[in-house]
Amino acid sequence: MSERTRNPIRTLADRVRRPAATGGVVLPAPASTPSRRGRDGASMVDSAIYVDGRRTASPTSLAETFRSLREQTDAVGWIGLYRPTQDELAALAAEFDLHELAVEDAIVAHQRPKLERYGETLFVVLRAARYLDESEEVEFGEVHLFVGPDFVITVRHSEAPDLSAVRRRLESDPELLALGPEAVLYAILDRVVDGYVPVVRGLHNDIDEIETEVFRGDPAVSRRIYELSREVIEFERAVRPLATVIQSLSAGFEKYGTDEELRRYLRDVEDHLTQVREQVEGFRHLLRDILTVNATLVAQKQNEEMKTLTEASMDQNEEVKKISAWAAILFAPTLIGTVYGMNFDVMPELHWQLGYPMAIGLMGLVSATLFGIFKKRRWI
C-alpha cells in the first residue's frame, strides 16, 4: 500500500488546489495579476498579515506592512512584489535584515533555480514555465522568495507563475496556512511544478508533429527541430536544478524541525518533479534521434537527386556521342564534295570518265568505315 493511501491527511496538491470544504468548487486562476501601487509607491501585487492561518490585515504599503507585523504577535506577513525597484528592495532588506547578495540577485534576476540560507532567512529562486498554444512556444518566468521566521516576500519578474491563485487557495485552507512561511514556500513550489505539466504536454504534441513532418519530407522541419531542441534544453535548465533545491530542503527537515505534514507535501512535489524530469530527458534524446533520422532522410534524398542528375548527364553524353559520330560520318563526303566544288579547271581526274564514281565510292567507303568504328565503340 502506498504512503498516500495509508496517510489520511491530504497531500499538498490536494490541499492547495481545493478550497475549503464548504463550497467544493475550485475558483479559476486569473490569466494575469496586475501590480498595484501602495501609498509609498511600492509595486505590490498584494500584502497580507496572517494569524493562525487567517488574514487579519491587508496593508496597502510597505510601511503599513512593517508596522502591522511589529504590532501583532505570532503574525506572518506575505508581501508580493512585481518587478520592484532597487529602492523598494532596499527598504525590505533593511526591515527584514535580508542579505545584500540575495537582494542583488532579486534585482538582477536571470538566475538559475537555487536555494541559499542566510541565517534564519531562506532565499529561493524558481523558474516557472508556461506553454503558449498560439505561437507553440515555451515562455519562462522567474520568482524570488525570501522566507523568514515570520515573513514571506515574493518577487516576480514575469507574469508566471500566478501567485495570486496560490494565495487564494492557501487562504481557503487556514489549517495549512497556519503551518507558517514554509507552507507558502511549498505551495509555490507545487504551483511551479504543476505548471510544468502543460508545458510537457505541449512539447510532446510538437514532437509528434515534427515526426510526421520528417517522414513527409517537409524542408522546413530541420529549423523547427533546432528551435524545439533549444526550448527543451532551456526547459531542462529550469527543471533540473529544482531537484537540488528540493533535496536541500529535505536535508534540513530534522535540523530545522520541519512539520511532518509539510514533509509529506514536499515529497509529493518531488515525485511530480521527477516525472517531469524523466519526460524532459526523454524529449531531449528523442529530438536527437529525430534529428539523426532527418539528416539520414535528407542525405538519401540528396543521393537520389544526384543519381538522377548523373543519369541525366550520362544520357546527354550518349546523345552527344551519337551527334558527334554522325557529324564525323557526314564530314568526309562534305569534304570531298567541297574539293570538287572549287571550280578549278586544272584538277586531277577532272576529265576522267571514272572520276565521279570514284568520288562517290570514296565517300561511301569513308562513311562506312567511320560508322563501323563508332558502332564498335557503341557511340551509335
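Biologist: What makes S6 and S7 a hairpin, and which residue in the turn has a positive phi?

Modeller: In this predicted model, S6 and S7 form a hairpin with four residues between them. Strand S6 covers residues 121-132 and runs antiparallel to S7. Two strands pair if there are at least two bridges between them; S6 and S7 have eleven, so they count as paired. In the turn, Glu136 has a positive phi of about 55°.

Biologist: How do you know that S7 pairs with S8?

Modeller: By the same cut-off of at least two bridges. Five bridges join S7 to strand S8, residues 151-156, in the antiparallel sense, so this counts as a pair too. These strands also form a hairpin, with three residues between them.

Biologist: Why is S7 called mostly covered?

Modeller: A residue is buried when its relative accessible area is under 20%. In S7, residues 137-147, eight of the eleven residues are buried, so the strand is described as mostly covered.

Biologist: What makes H6 mostly covered?

Modeller: Seven of the nine residues of H6 are buried, which means that each of the seven is under 20%. They are Leu163, Ser164, Ala165, Val166, Arg167, Arg169 and Leu170.

Biologist: How many residues make up the largest nonpolar core, and which of them touch the most other members?

Modeller: The core has 56 residues, and those touching the most other members are Leu126, Leu185, Ile188, Leu189, Tyr196 and Phe235. Among the elements that supply at least two residues each are S6, S7, H6, H8 and H9. The largest share, 16 residues, comes from H8.

Biologist: With which residues is Leu185 in contact, leaving aside its neighbours within four places in sequence?

Modeller: Leu185 is in contact with Leu122, Val124, Leu145, Val147 and Leu249. A contact needs heavy atoms within 4.5 Å. A second, separate core has 23 residues, including Ile49, Leu81, Val103 and Ala106.

Biologist: Why is the phi of Asp74 worth a remark?

Modeller: Most residues other than glycine have a negative phi. The phi of Asp74 is near 55°, a positive value. Asp74 is found in the loop between H3 and S4.

Biologist: Why is Asp74 called exposed?

Modeller: Exposed means over 50% relative accessible area. Asp74 has 69%, so it counts as exposed.

Biologist: What makes Arg83 partly exposed?

Modeller: The term covers values between 20% and 50%. Arg83 is at 48%, so it falls in that range. Its phi is also positive, near 50°, and its place is in the loop between S4 and H4.

Biologist: How many cavities of 30 Å³ or more are found in the whole structure?

Modeller: The search finds two.

Note on methods: Residues are numbered from 1 along each chain as its sequence is written. This is a predicted model: local features need pLDDT of at least 70, side-chain atom pairs count only at pLDDT 80 or more; totals for chains, interfaces and linings use all residues. Side-chain values use heavy atoms; hydrogens and water are left out. Buried means under 20% relative accessible area, exposed over 50%, partly exposed in between (1.4 Å probe, protein chains only). A nonpolar core is a set of buried Ala, Val, Leu, Ile, Met, Phe, Trp, Tyr and Cys residues joined through side-chain atoms within 4.5 Å. On a 1 Å grid over the protein atoms alone, a cavity is a set of points where a 1.4 Å probe fits but cannot get out, and a pocket is an open set with protein on both sides within 12 Å along at least five of seven lines; lining residues have an atom within 4 Å of a point. Grid points are joined across faces, edges and corners, and a volume is the space filled by probe spheres set on the points.
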